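Me: I have a structure to go through with you. Could we talk about its strands and charged pairs?

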Amino acid sequence: MSNCYNNQLRRFKIYAIIEAGGRQYRVNPGQTIDVERLDVAEGNTVELDRVLLIADGERVVVGTPTVDGAKVVATAQGEGKGKKVIVFKYKPKVRYRKKTGHRQLYTRLVIDKIVEPGAAEVKPVKKARRRKKEVKEGGA
């Protein structure tokens with residue numbers, strides 16, 4: 001490994017290996033990844049619970065096959081299409097040619113945080129709404 005690559009790995013203290021859409025991804029907080037299309041609206045949060053490994057400095061937790069109680073929280077940034085893949089079918093001597101293309105749909109996620117197993121779950125605080133004052137007929 002080159003020295004530059006080692007410095008990039010040391011920069012992030014915690015990372016996880018997750019499985020999404022049949023593929024495995026190494027993620028850090030703040031990273032943007034493209035995963036197989038998920039049915040999530042843009043701006044909503046997603047909890048990915050198929051965590052295969054969590055490493056925090058010197059401590060490494062490996063799942064069998066997943067780490068129980070661990071999850072990765074991400075925010076959906078929208079959907080997109082990948083590069084076009086050309087599918088060309090050809091049979092010699094019978095004049096058979098068929099050319100089609102395919103563009104795979106993906107969802108772009110921004111990793112917010114990695115929740116380790118046994119960590120106390122912090123729920124977001126709901127903001128209190130102010131009630132509107134009632135307007136009386138007399139104007140007072």
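This is a predicted model: local features need pLDDT of at least 70, side-chain atom pairs count only at pLDDT 80 or more; totals for chains, interfaces and linings use all residues.

Me: Is strand β7 mostly covered or mostly open?

Reply: Strand β7, residues 71-81, is mostly covered, with 8 of its 11 residues buried. Strands here are DSSP runs of E with at least two residues, numbered from the N terminus. Buried means under 20% relative accessible area, exposed means over 50%, and partly exposed lies in between (1.4 Å probe, protein chains only).

Me: Which strands does β7 pair with?

Reply: Strand β4, residues 45-48, pairs with β7 in the antiparallel sense over 4 bridges. With β10, residues 105-115, β7 also pairs in the antiparallel sense, over 10 bridges. Two strands pair if DSSP finds at least two bridges between them.

Me: And which residues stand opposite each other there?

Reply: Val72 in β7 is the bridge partner of Leu48, and Ala74 stands opposite Ile111 in β10.

Me: Changing topic, how many salt bridges are there?

Reply: The structure holds 5 salt bridges, each a side-chain nitrogen of Lys or Arg within 4 Å of a carboxyl oxygen of Asp or Glu.

Me: Which of them involve β7?

Reply: Two examples can be described. Lys71 forms a salt bridge with Glu47, with the closest N and O atoms 3.3 Å apart. Lys71 lies in β7 and Glu47 in β4, so this pair ties together parts that are 24 residues apart in sequence. Arg37 forms a salt bridge with Glu79, at 3.2 Å between the closest N and O atoms. Arg37 lies in the loop between β3 (32-36) and β4, and Glu79 in β7, so the pair ties together parts 42 residues apart in sequence.

Me: Is Lys71 buried or exposed? What about Glu47?

Reply: Lys71 is buried, at 13% relative accessible area, whereas Glu47 counts as exposed at 51%. In the other pair, Arg37 is partly exposed at 41%, and Glu79 is partly exposed at 45%.

Me: What does Glu19 form a salt bridge with?

Reply: Glu19 forms a salt bridge with Arg50, the closest N and O atoms being 3.0 Å apart. Glu19 lies in β1 (residues 14-20) and Arg50 in the loop between β4 and β5 (51-56), so parts 31 residues apart in sequence are tied together.

Definitions and conventions. Residues are numbered from 1 along each chain as its sequence is written. Side-chain values use heavy atoms; hydrogens and water are left out.
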